[in-house]
Amino acid sequence: RAFASSAFPPPKLFDYETVTKNLTVGDAIESVEQAFKALALGKVDVPLPMHIGIEESSVAGPGDCHIKGGYVSATPTFTVKLACVSFYNNL
């Protein structure tokens, strides 16, 4: 069975430090403005955010994880953001 090949490039992962060292406030503002224009034109697919709650146990938690994503029509990439910021016992 043959599978269709994707035009999307392989995923890239960026940590907070990489983003903050390479993205200026001006670039971020311009990108957000362009994204909202595309959204207003109905060219953006933004699914509802996903939430995973992790109960406290002997091996994990307590904490939670939020996953958000989006795709602007006719662009070569899509974005998925994973945020795990409330695992307070990990200090």
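Helices (H or I, at least four residues) and strands (E, at least two) are DSSP runs, numbered from the N terminus.

## Basis of the model

This is a predicted model, in which local features need pLDDT of at least 70, side-chain atom pairs count only at pLDDT 80 or more, and totals for chains, interfaces and linings use all residues. Residues are numbered from 1 along each chain as its sequence is written, and side-chain values use heavy atoms, with hydrogens and water left out.

## Overall architecture

The protein contains two helices and four strands, arranged along the sequence in the pattern α-α-β-β-β-β. Of its 91 residues, 7% are buried; buried means under 20% relative accessible area, exposed over 50%, and partly exposed in between (1.4 Å probe, protein chains only).

The protein exposes about 8,200 Å², of which carbon and sulfur atoms supply 62%. Accessible areas come from the Shrake-Rupley method with a 1.4 Å probe, and for residues only the protein chains shown count as cover. Among contacts (heavy atoms within 4.5 Å) with a separation of 6 or more, 33% are accounted for by residues 24 or more positions apart.

Because Lys 21 and Glu 17 are four residues apart in helix 1 (residues 16-22), about one helical turn separates them. Side chains of opposite charge can pair when their charged atoms come close. Lys 21 is exposed, with a relative accessible area of 64%, whereas Glu 17 is partly exposed at 47%.

Helix 2 (residues 25-40) has 16 residues, which at 1.5 Å a residue should span 22 Å; the end C-alpha atoms are 23 Å apart, in agreement. The expected span is 1.5 Å times one less than the number of residues. Just after helix 2, Gly 42 adopts a positive phi of about 75°.

Ala 38 belongs to helix 2 and counts as buried at 11% relative accessibility. Beyond its neighbours within four places in sequence, Ala 38 is in contact with Lys 43, Val 44 and Val 72. The C-alpha atoms of Ala 38 and Val 72 lie 7.0 Å apart, although 34 residues separate the two in sequence.

## Asp 64 in strand 3

Asp 64 is located in strand 3. This residue is buried yet has no salt bridge, and the nearest side chain of opposite charge, Lys 68, is 10.0 Å away.

The side chain of Asp 64 makes polar contacts with the side chains of His 51, at 3.4 Å, and His 66, at 2.9 Å. A polar contact is a pair of N or O atoms within 3.5 Å; within protein, one must be able to donate a hydrogen and the other to accept it, and residues adjacent in sequence count only if both atoms are side-chain atoms. Leaving aside neighbours within four places in sequence, the residues in contact with Asp 64 include Ile 52, Ile 54, Cys 84, Val 85 and Phe 87.

Ala 74 lies in the loop between strand 3 (63-72) and strand 4 (79-83). Although Ala 74 is not a glycine, it has a positive phi of about 70°. Ala 74 counts as exposed, at 75% relative accessibility.

Technical notes:
Lys and Arg count as positive and Asp and Glu as negative; His and the chain ends are not counted. A salt bridge is a side-chain nitrogen of Lys or Arg within 4 Å of a carboxyl oxygen of Asp or Glu.
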